[in-house]
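Some questions about a protein model follow, each with a worked answer. Please look at the sequence and the coordinates before reading on.

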Amino acid sequence: MVPLNFPSYRFRLKNSENKTYIFDDIRKKFVVLQPEEWVRQHMVNYLIKSKNYPKSHINVEKQLKVNTLTKRYDIVVFNPNGSIEVLVECKAPEITIDQNTFNQIARYNRELKANYLIVTNGLAHFYCKMDEEQEKYTFLRDIPDFSR
């Protein structure tokens with residue numbers, strides 16, 4: 001896998017039937033190591049180890065309904081009260097982050113109502129603070145550390 005624009009993290013990897021798997025600490029299982037999964041696992045580690053979000057507040061790859069369609073979000077970080085603090089959309093490193101990517105996370109966020117959005121392909125990271133009243137987002141240098 002390509003080096004990403006994250007701190008260096010240690011991962012549990014295994015090979016089976018000509019495939020490489022990476023252990024997901026949130027889902028508590030090995031998952032096939034695809035480029036997007038490589039980015040997702042780095043972002044999970046970033047949230048836990050660099051931003052101090054509790055592992056117990058993080059959810060990975062769950063379904064949500066957007067209008068009548070069933071979609072899957074990449075990462076959600078919950079607040080202790082159950083509301084959503086951070087919604088993350090991960091793309092493979094070779095995927096360019098563009099307006100379509102922001103449209104996708106905005107559609108998901110209409111349902112989820114996160115306070116912060118992150119869009120990343122592992123090389124470029126975009127952090128946004130949501131303003132529900134104005135229906136807009138403000139770009140940030142980073143999201144705040146967990147503080148509760």
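Predicted model: local features only at pLDDT ≥ 70, side-chain atom pairs only at ≥ 80, totals over all residues.

Q: How many disulfides does the structure hold?
A: A disulfide needs two cysteine sulfur atoms within 2.5 Å. The sulfur of Cys90 has its closest cysteine sulfur in Cys128, 14 Å away, which is too far for a bond. Cys128 is likewise in no disulfide, its nearest cysteine sulfur being that of Cys90. The number of disulfides is zero.

Q: Is Cys90 buried or exposed?
A: The limit for a buried residue is under 20% relative accessible area. Cys90 has a relative accessibility of 0%, so Cys90 counts as buried.
The value for Cys128 is 1%, and therefore Cys128 also counts as buried.

Q: What is the geometry of the pair formed by the rings of Phe102 and Phe139?
A: A pair of aromatic rings is described by the distance of the centres and the angle of the planes. A search of the whole structure gives ten aromatic pairs. For Phe102 and Phe139 the centres are 5.7 Å apart and the planes stand at 75°. Planes over 60 degrees apart count as edge-to-face, so the pair of Phe102 and Phe139 is edge-to-face.

Q: Which parts of the chain does the pair of Phe102 and Phe139 tie together?
A: The two residues are 37 residues apart in sequence. Phe102 is buried, at 10% relative accessible area, whereas Phe139 is partly exposed, at 47%. Because Phe102 lies in residues 99-112 and Phe139 in a strand, the parts tied together are helix H2 and strand E9.

Q: Phe139 also pairs with Phe126; what is the angle between the planes of these rings?
A: The ring centres of Phe126 and Phe139 are 6.5 Å apart, and the pair is edge-to-face. This pair links distant parts of the chain, with Phe126 in strand E8 (residues 125-131) and Phe139 in strand E9, 13 residues apart. Phe126 is partly exposed, with a relative accessibility of 29%. The angle between the planes of Phe126 and Phe139 is 75°.

Q: Which residues form one aromatic cluster?
A: Phe139 pairs with Phe102 in edge-to-face geometry. Phe126 and Phe139 form an edge-to-face pair as well. With Tyr137 included, the cluster consists of Phe102, Phe126, Tyr137 and Phe139.

Q: Over the ring of which residue does the charged end of Lys14 sit?
A: A charge sits over a ring only if NZ of Lys or CZ of Arg is within 6 Å of the ring centre, with a further condition on the angle to the ring normal. Arg12 lies over the face of Phe23, 4.1 Å from the ring centre. The charged end of Lys14 is 5.8 Å from the centre of the ring it sits over, that of Tyr21.

Q: Where is Asn18 placed?
A: Asn18 is not a glycine, yet its phi is positive, about 65°. Its relative accessible area is 87%, so Asn18 is exposed. Asn18 is in the loop between strand E1 (13-16) and strand E2 (19-24).

Q: What value is phi of Lys28 near?
A: Lys28 is found in the loop between E2 and strand E3 (29-32). At 53% relative accessibility, Lys28 counts as exposed. Its phi is positive although the residue is other than glycine, and the value is near 60°.

Q: The backbone nitrogen of which residue lies 2.8 Å from a polar atom of the side chain of Thr120?
A: Thr120 lies in strand E7 (residues 116-120) and is buried, with 0% relative accessible area. Beyond its sequence neighbours within four places, Thr120 is in contact with residues including Phe6, Cys90 and His125. A polar atom of its side chain also lies 3.2 Å from the backbone oxygen of Ala124. The backbone nitrogen at 2.8 Å is that of Gly122.

Q: Which residues is Lys136 in contact with, leaving aside its neighbours within four places in sequence?
A: Lys136 is in strand E9 (residues 136-140) and counts as partly exposed, at 44% relative accessibility. The C-alpha atoms of Lys136 and Ala106, 30 residues apart along the chain, are separated by 9.6 Å. Contact requires heavy atoms within 4.5 Å. The residues in contact with Lys136 are Lys129, Met130 and Asp131.

How values were computed
Residues numbered from 1 in each chain as written. Heavy atoms only, no water. Helix = DSSP H or I, 4+ residues; strand = E, 2+ residues; numbered from the N terminus. Buried < 20%, exposed > 50% of the residue type's maximum accessible area, 1.4 Å probe, protein only. Phe/Tyr/Trp six-rings, centres within 6.5 Å; stacked < 30°, edge-to-face > 60°. Lys NZ or Arg CZ within 6 Å of the ring centre and 35° of its normal. Polar contact = N/O pair within 3.5 Å; in protein donor to acceptor, adjacent residues only side chain to side chain.
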